[in-house]
Amino acid sequence: RIVCVPVRAGHMPSLDHGAVVEVWVTPSTQGMELPGPSRIVIPHAIVVAAPSAPDPTADSAVTLQIDVMDLAALNSAMRDGTLDVALIPTGQA
C-alpha cells in the first residue's frame with residue numbers, strides 16, 4: 001500500500017525516492033497505548049516521496065510503500081505515539 005506518514009520536526013533524516021526505511025513509534029501519554037520504549041512498527045518500507053530537504057524545525061510527511069499486513073499497526077502507531085523514520089543504509093536492507 002502507499003501511505004502518507006506524518007512525522008514531527010526532527011524525526012526524519014533527508015530521504016530520496018527508493019530509499020529503504022524503518023518506522024518506529026514511541027507511545028505517548030495521550031494515546032491508547034501505555035507510554036513505553038520505542039519499537040519498530042514497520043521494519044521495511046520504501047520511500048515513494050519525501051521532502052527534498054526536511055526542515056528540522058517543522059513537522060513534515062513522507063509517502064511510503066508498505067506491506068498491507070503492516071497497515072493496521074501503522075494506523076494505530078500514528079494515533080498513539082510519535083513516529084520516527086530511520087534510514088536503512090544501502091546493503092543492509
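## Thr-90, past strand 5

Thr-90 sits in the segment that follows strand 5. Is Thr-90 buried or exposed in this predicted model? Its relative accessibility comes out at 85%, and because the cut-off for exposed is over 50%, Thr-90 counts as exposed.

Gly-10 makes a handy reference point for Thr-90: the two are 80 residues apart along the chain, and their C-alpha atoms are separated by 22 Å.

## Helix 1 and its two sides

Now for helix 1, which runs over residues 71–80 and has Leu-74, Ala-77 and Asp-80 buried. Look down the helix axis and the buried residues fall within an arc of 140°, so they line one face of helix 1.

What covers the buried residues of helix 1? Strands are part of the answer, including strand 1 (2–7), strand 2 (20–27), strand 3 (39–49) and strand 5 (81–87).

## The largest nonpolar core

Leu-74 of helix 1 turns up again in the largest nonpolar core, a set of 20 residues. Together with Val-5, Val-62 and Leu-64, Leu-74 touches the most other members. At least two core residues come from each of strand 1, strand 2, strand 3, strand 4 (60–65), helix 1 and strand 5. Strand 3 is the top contributor, giving 4 residues.

Setting aside neighbours within four places in sequence, Leu-64 is in contact with Arg-1, Ile-2, Val-3 and Val-5, with Val-21 and Val-23, and with Ala-45, Ile-46, Val-47 and Val-48.

Methods
Residues are numbered from 1 along each chain as its sequence is written. This is a predicted model: local features need pLDDT of at least 70, side-chain atom pairs count only at pLDDT 80 or more; totals for chains, interfaces and linings use all residues. Side-chain values use heavy atoms; hydrogens and water are left out. Buried means under 20% relative accessible area, exposed over 50%, partly exposed in between (1.4 Å probe, protein chains only). The arc is that of the directions from the helix axis to the C-beta atoms. Contact means heavy atoms within 4.5 Å. A nonpolar core is a set of buried Ala, Val, Leu, Ile, Met, Phe, Trp, Tyr and Cys residues joined through side-chain atoms within 4.5 Å.
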